[in-house]
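Trainee: I have a model open and some questions about it. Can we go through them one at a time?

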Amino acid sequence: MSAREATRVAALPVRGGRDGRPLLGESPLLITDVVTGWACYREWDLASLTRRLGHLEVAPFVTDRAAGNTVLKQVNATRTMSFEDAAAHLFGRRRVVDGSLYLRIGAGSDGFDELARDFPVPDVGAAYRPEATGVWFSQTGNVTPGHHDWWHSFLIQVRGTKRYTLVHPLDTVNLQVGWADRERYDVAPAPGLGLAARPDWSGEVRYEGVLSAGEILYIPPFWVHEVETLTDGNISLPMRFATTQSVASDLHQLSQNGLLRDVTNRPTRDVGAITELLWRNRQEFLARERDFVRALAAARELDLDADRWADGLRHDEGESR
Ligand SMILES: O=C(O)CCC(=O)C(=O)O
């Protein structure tokens with residue numbers, strides 16, 4: 001299945017699509033003509049940032065070439081250093097570590113307020129989520145593996161370019177066929193999902209393209225996204241807003257696609273038959289939970305017995321272990 005680029009528009013989407021603007025929550029967009037007027041786009045470079053933040057202590061992630069330079073906060077170690085050293089490495093001027101760095105200065109952490117003087121928080125008709133917003137510095141080859149988030153996300157590109165791949169939330173189940181449990185449950189990096197890695201993927205909606213400096217990629221809630229950094233000295237502002245959207249929960253999916261649907265579709269009063277279906281439904285659910293616990297225990301080397309858990313280990317027993 002091929003991929004297409006996100007539609008280009010010149011205005012930010014807004015809740016309800018008022019004033020002729022694109023509709024927030026509907027589909028991915030590449031937004032032009034907004035960031036180019038902001039001070040961060042005009043002024044941020046190695047010299048000006050080092051002058052302003054040079055002595056700040058930061059803790060960037062260090063990537064591992066053996067792991068394809070993926071960056072997943074559950075997995076990658078951080079290294080404490082000065083902003084000046086981190087920036088020199090990130091901009092390719094002076095090597096500070098073996099491997100590449102990925103620095104996130106989140107809202108609320110030191111240095112963010114200084115940077116936030118150089119960009120506005122636009123009105124998209126939804127509540128701003130500062131705790132999920134930040135300034136991210138990256139370099140060539142870093143890959144944020146496929147995952148989804150629970151917010152309206154604007155990946156605002158201040159410097160350099162990134163390749164994005166986006167997959168529709170309803171394609172997630174298909175996308176994950178063949179993934180190991182640890183990848184499915186986000187305790188290890190997900191396998192590549194772009195055209196190059198999955199040319200024969202059989203799903204339905206995949207977008208792929210390059211996000212350039214001065215553009216914004218709008219990622220609607222729950223869309224699976226993978227992002228590869230294509231340049232050194234790369235700076236993005238991931239800015240997030242609250243959503244009321246949600247994906248089908250496991251129980252809803254079970255009800256629509258699984259055994260509970262067999263109950264609701266059949267006008268039976270046979271309590272034995274209904275009980276049998278409910279029982280099998282519960283076993284399916286527990287089997288999913290067992291897979292999750294097994295993946296978590298393996299990834300974190302925990303003494304957690306997935307079978308015992310699924311077989312009814314009580315919460316208070318767990319606490320006394
Ligand atoms: O830019 C990246 O490396 C990752 C972006 C991302 O995952 C996000 O904005 O949610």
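The questions below cover the ligand shell, a helix pair and the domains of this predicted model.

Trainee: Which elements give two or more residues to the shell around the ligand?

Mentor: Start with the residues. The ligand is surrounded by Trp136, Ser138, Thr144, Asp149, Ser153, Leu155, Lys162, His225, Val227, Ser236 and Pro238. The elements that supply two or more of these are strand 7 (134–138), strand 9 (152–159), strand 13 (224–229) and strand 14 (234–241).

Trainee: How many residues of the shell around the ligand are charged?

Mentor: Sort the shell by class. Four of its residues are nonpolar and five are polar. The charged ones number two.

Trainee: Are helix 2 and helix 3 roughly parallel or antiparallel?

Mentor: Helix 2 spans residues 46–53 and helix 3 spans residues 83–90. Their axes are 9 Å apart, and the packing angle is about 165°. Angles over 145 degrees count as roughly antiparallel. The two helices are therefore roughly antiparallel.

Trainee: How many charged residues are in the contact of helix 2 with helix 3?

Mentor: Helix 2 brings Leu46, Leu49, Thr50 and Leu53, while helix 3 brings Phe83, Glu84 and Ala87. By class, five are nonpolar and one is polar. The charged count is one.

Trainee: How many residues does domain 2 give to the contact with domain 1?

Mentor: The domain assignment gives domain 1 as 7–241 and domain 2 as 250–316. Their C-alpha centres lie 35 Å apart. Domain 1 puts five residues into the contact. Domain 2 puts in seven.

Trainee: On the side of domain 1 that touches domain 2, how many residues are nonpolar?

Mentor: Take the other classes before the answer. That side of domain 1 has no polar residues and two charged ones. Its nonpolar residues number three.

Definitions and conventions
Residues are numbered from 1 along each chain as its sequence is written. This is a predicted model: local features need pLDDT of at least 70, side-chain atom pairs count only at pLDDT 80 or more; totals for chains, interfaces and linings use all residues. A residue is near a molecule or strand if its C-beta atom, placed from the backbone, lies within 6 Å of it. Helices (H or I, at least four residues) and strands (E, at least two) are DSSP runs, numbered from the N terminus. Ala, Val, Leu, Ile, Met, Phe, Trp, Tyr, Cys and Pro count as nonpolar, Asp, Glu, Lys and Arg as charged, and the others, Gly among them, as polar. Axes are lines fitted to C-alpha atoms, for helices over the stretch in contact, and angles run from 0 to 180 degrees between N-to-C directions. Angles under 35 degrees count as roughly parallel, over 145 as roughly antiparallel, 65 to 115 as roughly perpendicular and the rest as oblique. Two residues are in contact if their C-beta atoms, placed from the backbone, lie within 7 Å. Domain bounds come from an automatic or database domain assignment.
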